[in-house]
Amino acid sequence: YPIRNELAKIFWEFGADVDTRVSDKTNILVLGQGYGYKKFEQAQANIKNGCNTVIYDEKQLLELLSKFN
């Protein structure tokens, strides 16, 4: 997953802690092609339970990142 690694590097440069798991500490979940539905469900549960988790698909993330260029 070279693109995933490149994105992780960008987020690390902004000071993010990048992980492949979803927990109640997850702030952003990026859904790529063939994403794990279990992770999506966990992120939705986090939102329902008051966590500040935001879910982006690839297109939304690229739009967000383009604002910083």
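**Close-up A. Contacts of Phe40 in the predicted model.** Not counting residues up to four places away in sequence, Phe40 touches Leu29, Leu31, Tyr35 and Ile55; contact here means heavy atoms within 4.5 Å. At 16% relative accessibility, Phe40 counts as buried. The classes are buried for under 20% relative accessible area, exposed for over 50% and partly exposed in between, with a 1.4 Å probe and protein chains only. This is a predicted model, in which local features need pLDDT of at least 70 and side-chain atom pairs count only at pLDDT 80 or more, while totals for chains, interfaces and linings use all residues. Residues are numbered from 1 along each chain as its sequence is written, and side-chain values use heavy atoms, with hydrogens and water left out.

**Close-up B. The largest nonpolar core.** Val22, Leu29, Leu31, Phe40 and Ala43 are the five residues of the largest nonpolar core. Strand 1 and helix 2 are the elements that give two or more residues to this core. A nonpolar core is a set of buried Ala, Val, Leu, Ile, Met, Phe, Trp, Tyr and Cys residues joined through side-chain atoms within 4.5 Å. Helices (H or I, at least four residues) and strands (E, at least two) are DSSP runs, numbered from the N terminus.

Close-up C. The structure holds two aromatic pairs. One of them joins Tyr37 and Phe40 and is tilted, at 5.8 Å centre to centre and 45 degrees between the planes. Rings of Phe, Tyr and Trp (its six-membered ring) pair if their centres lie within 6.5 Å; planes under 30 degrees apart count as stacked, over 60 as edge-to-face and the rest as tilted. Both Tyr37 and Phe40 lie in helix 2 (residues 37-48), three residues apart, about one turn of the helix. Tyr37 counts as partly exposed at 47% relative accessibility, whereas Phe40 counts as buried at 16%. Tyr35, Tyr37 and Phe40 form one aromatic cluster.

**Close-up D. Glu41 in helix 2.** Glu41 is found in helix 2 and counts as partly exposed, at 41% relative accessibility. Between Glu41 and Val22, 19 residues apart along the chain, the C-alpha separation is 9.6 Å.

**Close-up E. Val54 and Tyr56 in strand 2.** Tyr56 has its place in strand 2 (residues 54-57), and Val54 is also found in strand 2. With neighbours within four places in sequence left aside, Val54 is in contact with Asn27, Ile28 and Leu29. Val54 is partly exposed, with a relative accessible area of 37%. The C-alpha atoms of Val54 and Gln33 are 21 residues apart along the chain and separated by 17 Å. For Tyr56 and Phe68, twelve residues apart along the chain, the C-alpha separation is 16 Å.

**Close-up F. A nonpolar surface patch.** Ile10, Phe14 and Phe68 make a nonpolar surface patch of about 340 Å². Patches are made of residues with over 30% relative accessible area and no salt bridge; like charges are joined within 9 Å, and nonpolar side chains (Val, Leu, Ile, Met, Phe, Trp, Tyr) within 5 Å. Accessible areas come from the Shrake-Rupley method with a 1.4 Å probe, and for residues only the protein chains shown count as cover. Phe14 is found in the loop between helix 1 (2-13) and strand 1 (28-31), and at 60% relative accessibility Phe14 counts as exposed. Phe68 lies in the segment after helix 3 (58-66) and is exposed, with a relative accessible area of 56%. Phe68 and Ile28 are 40 residues apart in sequence and 17 Å apart in space, C-alpha to C-alpha.

**Close-up G. The salt bridge.** The structure holds one salt bridge. Asp19 forms a salt bridge with Arg21, and the closest N and O atoms are 3.1 Å apart. A salt bridge is a side-chain nitrogen of Lys or Arg within 4 Å of a carboxyl oxygen of Asp or Glu. Asp19 is partly exposed, with a relative accessible area of 44%, whereas Arg21 counts as exposed at 60% relative accessibility.
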